[in-house]
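The sequence and coordinates are shown first.

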Amino acid sequence: MTDSGALLPWLVIRQDDNGNRYRVGRYPTRAEAQKVVDSLDGRGHEQLYWVERIGQESQTATTG
């Protein structure tokens, strides 16, 4: 059995207008996760998206 956190350590997180946070997906590299954030940002929604590594609180936040 494998630990999927080790294989997919990068998360894309979305925060809605009420402050609720949701995991959008898990990715093997930061670059892949950032592409998803950039794509979601390009839709023009007023949501907050960022990339986060599992086990770390650091964020790269953007608004759409």
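## Pairing around the strand E1

In strand E3, Val12 has Val51 as its bridge partner. E3 (48–53) and E1 (10–15) run antiparallel and are joined by six bridges; strands count as paired if DSSP finds at least two bridges between them. Strands here are DSSP runs (E, at least two residues) and helices are DSSP runs (H or I, at least four residues), both numbered from the N terminus.

E1 also pairs with strand E2 (residues 21–27), in the antiparallel sense and over six bridges. Within that pairing, Ile13 stands opposite Arg23, and Gln15 has Arg21 as its bridge partner. The hairpin formed by E1 and E2 has five residues between the strands, and Gly19 in the turn has a positive phi of about 85°.

## Basis of the model

The model is predicted; local features need pLDDT of at least 70 and side-chain atom pairs count only at pLDDT 80 or more, whereas totals for chains, interfaces and linings use all residues. Residues are numbered from 1 along each chain as its sequence is written, and side-chain values use heavy atoms, with hydrogens and water left out.

## Overall architecture

The protein chain has two helices and four strands, and from the N terminus on its elements run α-β-β-α-β-β. Of its 64 residues, 30% count as buried, where buried means under 20% relative accessible area, exposed over 50% and partly exposed in between (1.4 Å probe, protein chains only).

The accessible surface of the protein chain comes to about 4300 Å², and carbon and sulfur atoms account for 46% of it; the areas come from the Shrake-Rupley method with a 1.4 Å probe, and for residues only the protein chains shown count as cover. Among contacts with a separation of 6 or more, 35% join residues 24 or more positions apart, a contact being heavy atoms within 4.5 Å.

## The nonpolar core

The largest nonpolar core has eight residues: Trp10, Val12, Tyr27, Ala33, Val37, Leu40, Tyr49 and Val51. Strand E1, helix H2 (30–41) and strand E3 are the elements that give two or more residues to this core. H2 gives the most, with three residues. Such a core is a set of buried Ala, Val, Leu, Ile, Met, Phe, Trp, Tyr and Cys residues joined through side-chain atoms within 4.5 Å. In soluble globular proteins, nonpolar side chains tend to be buried together.

Leaving aside residues up to four places away in sequence, Trp10 touches Gly25, Arg26, Tyr27, Pro28, Thr29, Arg30, Ala33, Val51, Glu52 and Arg53. Val37, in helix H2, counts as buried at 1% relative accessibility. The C-alpha atoms of Val37 and Val12 are separated by 6.8 Å, although the residues are 25 apart along the chain.

Beyond four places in sequence, Val36 touches Val12 and Tyr27. Between Val36 and Val12, which are 24 residues apart along the chain, the C-alpha separation is 7.5 Å.

Leu7 has its place in helix H1 (residues 4–7). With a relative accessible area of 54%, Leu7 is exposed. Leu7 and Tyr27 are 20 residues apart in sequence, and their C-alpha atoms are 8.0 Å apart in space.

## Burial of E1 and the setting of Gln15

Five of the six residues of E1 are buried, so this strand is largely enclosed by the rest of the structure. Gln15, which is found in E1, is buried, with a relative accessible area of 19%.

The side chain of Gln15 makes a polar contact of 3.0 Å with the side chain of Arg21. A polar contact is a pair of N or O atoms within 3.5 Å; within protein, one must be able to donate a hydrogen and the other to accept it, and residues adjacent in sequence count only if both atoms are side-chain atoms. Apart from residues up to four places away in sequence, Gln15 touches Asn20, Arg21, Gln47, Leu48 and Trp50.
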